[in-house]
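Colleague: I'm new to this one. Could you walk me through it with a few questions and answers?

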Amino acid sequence: MKIYSTRRRPHRPARIVLDGLGKRFPGAAGYAVDGVTLDFAAGEFICIVGASGCGKSTLLRILAGFDTATQGSVTVGDEPITGPGPDRGVVFQDYGLFPWLTVAENVAYGPKQARMNRDDIRETTGRCLETVGLTRVRDSFPHQLSGGMQQRVAIARVLANRPAVLLMDEPFGALDALTRTDMQAELTRIHRDSGVTVVFVTHSVDEAVYLSDRVVVMAGGTAHGTAGHIREVVDIDLPRDRDTTAPEFNDYKRRIDALIHQGNRAAA
Ligand SMILES: Nc1ncnc2c1ncn2[C@@H]1O[C@H](COP(=O)(O)OP(=O)(O)O)[C@@H](O)[C@H]1O
Ligand SMILES: [Mg+2]
């Protein structure tokens, strides 16, 4: 008997609205982030950049439901966030894979939790492994794989839950430059094919300009004596298939770099 099938359910990308969001950690003198108001359209690819300590991870953790805001509100697909959920797939720099499970078992984990039937689990797992090019190593264990491949498993694992939103915190930060470039191209393709909304934190301005529809530049942070806040939101008006050597690409990089550093000087 089919109790629960999500096989044919498409990704339903969600709009994300942050309204006057603030976070003050217990015992902290000031706010880690304050007054963050943003509206991400369903299916948008957003990168968040800014100096260390400006509150990028705090924002992402609130979206993931790992932390709660102390001011303002945040909704994903018009629903207030009450905790973590399979509608939001989270990928961090350390892959967080289950070392005792094979690649395929790691990917099948979410669908099993969701009590998908066996055929649907097999189909979903196969499709997600194919999406990230890992079919060949489906029976390997995480420790047998390179960092780039482990990060692909982590991405396949969250895709298997058919998330409305992908939340990524410096996911490619530990990869070598070539692997990182490959992963960026792959993520662009996954985003195009799935239509999922992506919020991606990165230190790399290059990466942000390559990936995003819009780049959110944050500034401040308690180390600078202020709360983390939005400095500017930059629309990246470039064709999707981006030429990283084009003058326009470099113009965006320079502009965003300047915004990041201007934030530091103003607060120093
Ligand atoms: N669990 C926590 N308890 C207290 N302060 C924290 C906690 N997590 C982060 N902070 C503080 O909040 C600020 C923003 O941190 P974070 O969001 O990690 O910045 P980023 O990711 O941009 O480097 C920093 O000043 C940091 O010290
Ligand atoms: Mg961080």
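Colleague: Which residues are around ligand 1?
Modeller: Keep in mind that this is a predicted model. The shell divides into 4 nonpolar, 6 polar and 1 charged residue. Around ligand 1 you will find Phe25, Ala32, Ala51, Ser52, Gly53, Cys54, Gly55, Lys56, Ser57, Thr58 and Thr222.

Colleague: How far is an oxygen atom of ligand 1 from an N or O atom in the side chain of Lys56?
Modeller: A polar contact needs N or O atoms within 3.5 Å. A backbone N or O atom of Cys54 lies 3.3 Å from a ligand 1 oxygen, and a polar side-chain atom of Ser57 lies 2.9 Å from an oxygen of ligand 1. For the side chain of Lys56, the distance is 2.8 Å.

Colleague: How are the rings of Phe45 and Phe200 arranged?
Modeller: Pairs with planes under 30 degrees apart are stacked, those over 60 are edge-to-face, and the rest are tilted. The centres of the Phe45 and Phe200 rings are 6.0 Å apart and their planes meet at 40 degrees, so this pair is tilted.

Colleague: Where in the chain do Phe45 and Phe200 sit?
Modeller: The pair links distant parts of the chain, 155 residues apart. Phe45 belongs to strand 3 (residues 45-49), and Phe200 to strand 8 (residues 197-201).

Colleague: Is Trp100 buried or exposed?
Modeller: The ring of Trp100 pairs with that of Phe98, their centres 5.4 Å apart. Phe98 is partly exposed, at 22% relative accessible area. Exposed means over 50%, and Trp100 has 60% relative accessibility, so Trp100 counts as exposed.

Key:
Residues numbered from 1 in each chain as written. Chains lettered and ligands numbered in written order. Predicted model: local features only at pLDDT ≥ 70, side-chain atom pairs only at ≥ 80, totals over all residues. Heavy atoms only, no water. Near = heavy atom within 4 Å. Polar contact = N/O pair within 3.5 Å; in protein donor to acceptor, adjacent residues only side chain to side chain. Nonpolar A, V, L, I, M, F, W, Y, C, P; charged D, E, K, R; others polar. Phe/Tyr/Trp six-rings, centres within 6.5 Å; stacked < 30°, edge-to-face > 60°. Helix = DSSP H or I, 4+ residues; strand = E, 2+ residues; numbered from the N terminus. Buried < 20%, exposed > 50% of the residue type's maximum accessible area, 1.4 Å probe, protein only.
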